[in-house]
Amino acid sequence: MSASLPVLSRRALLATGAAGGLAALTACEAPGDGRADALPAAEASPSLAPDVALATLALAEIRAVRRAVETTRRAFPARTAGLRAVASMHRSHEAALADAVPDGAQTALTPPAYDVPARAARASRRLRQREEQLRRRLDALALDAESGAFASLLASMGAGVAQRVATWPTT
Amino acid sequence: MADDLTGGADDTAGPPTPLEALQRALAAEHAAVWVLAFLGARVPATDSSALADRLADAFEEHRASRDELTALVARAGAEPVASATDYELPDPASSPEQLRGAARTVEERVARTWAETVGATSGDDRRRAIAGLRASAVRALGFGAAPSDLPGLS
């Protein structure tokens, strides 16, 4: 499936760049509006074209959640086989965004450490909450995108996450 | 000639205007309402699965979306597109699996239309399109669709 994924180029996103505020985007974030954790990428890219900045933010958020999935899988390998497909989806989304994000911004994206709860059931619930937060975040970024194609891509990613949440594997 | 399950968006033209995109979404919802009603009426009485309930729920949600879009387009000063007089129906559509497959096709096509609408709109209209895309993607799961990395696009 990855082979058929659309891949965004930075050139395409820069071509859509116009006025718009990464600063406003990052300043308005508040807990519960879809943003799971503050990521350094948001502050590291104030001069990027708006949609490139959105791609950078989206990539950071997806990467952070994917790492949370993988950390949880390592903690409970026998009970989280169903999360393999979730991690695979995140990797596909990262691949679709990677070319749109400047190398310098990518290197700044170090997700905060993810603490896995001690009990598998709670770990699964917490991870599902993170996925739901990511879905809301992708929807919010889609709303802000200037390029229609990029907005569709982000919204589709959010819908893909929603499908995974709706079919969340039991532990 | 019967329209297809989505109401037949014209893919040969350029990018749609926001209003055109909303009209296409409305046409898709008209088609979904019509086809899901047809499918719901064909669920065998002996079927003990949740299919009848799922079809009924999907019908209600698409009808609500259709009505919302109709009002939205009218508020924009345009004439909302009407339901087609005829739709190309799935054939055969008698076994529960065939009915599920047809409903899945409806949801996946509506999701594609909403994904296009996301790209053609902004603000509240785009917010509505994002929600429509997500709703169809999740409903498709109930009819046996496998999760997709990019619903509406792949």
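Predicted model: local features only at pLDDT ≥ 70, side-chain atom pairs only at ≥ 80, totals over all residues.
## Ground rules

A residue is called buried here when its relative accessible area is under 20%, exposed when it is over 50%, and partly exposed in between (1.4 Å probe, protein chains only).

Residues are numbered from 1 along each chain as its sequence is written, chains are lettered from A and ligands numbered from 1 in the order in which they are written, and side-chain values use heavy atoms, leaving out hydrogens and water.

Chain A has eight helices and zero strands, taking helices as DSSP runs of H or I with at least four residues and strands as E runs with at least two, numbered from the N terminus. Buried residues account for 51% of its 171 residues. If you look at its contacts (heavy atoms within 4.5 Å) between residues at least 6 apart in sequence, 79% join residues at least 24 apart.

Chain B comes to four helices, again with zero strands. Of its 154 residues, 44% are buried, and 77% of its contacts with a separation of 6 or more are between residues 24 or more positions apart.

## Salt bridges

The whole structure holds 17 salt bridges over all chains, each being a side-chain nitrogen of Lys or Arg within 4 Å of a carboxyl oxygen of Asp or Glu. One of them pairs Arg63(A) with Glu94(A), with the closest N and O atoms 3.6 Å apart. That pair ties together distant parts of the chain: Arg63(A) sits in helix α4 (residues 50–75) of chain A and Glu94(A) in helix α5 (residues 84–98) of chain A, 31 residues apart. Both also belong to a salt-bridge network with Arg66(A), Glu70(A) and Arg91(A).

Other pairs stay within one helix. Glu132(A) and Arg135(A) form a salt bridge at 2.6 Å, N to O; they are three residues apart in helix α7 of chain A, so about one helical turn separates them. Glu132(A) is partly exposed at 22% relative accessible area, whereas Arg135(A), at 11%, counts as buried.

Over in chain B, Glu97(B) and Arg100(B) meet in a salt bridge at 3.3 Å, N to O. These two are also about one helical turn apart, because three residues separate them in helix α3 (residues 96–120) of chain B. Glu97(B) is partly exposed, with a relative accessible area of 46%.
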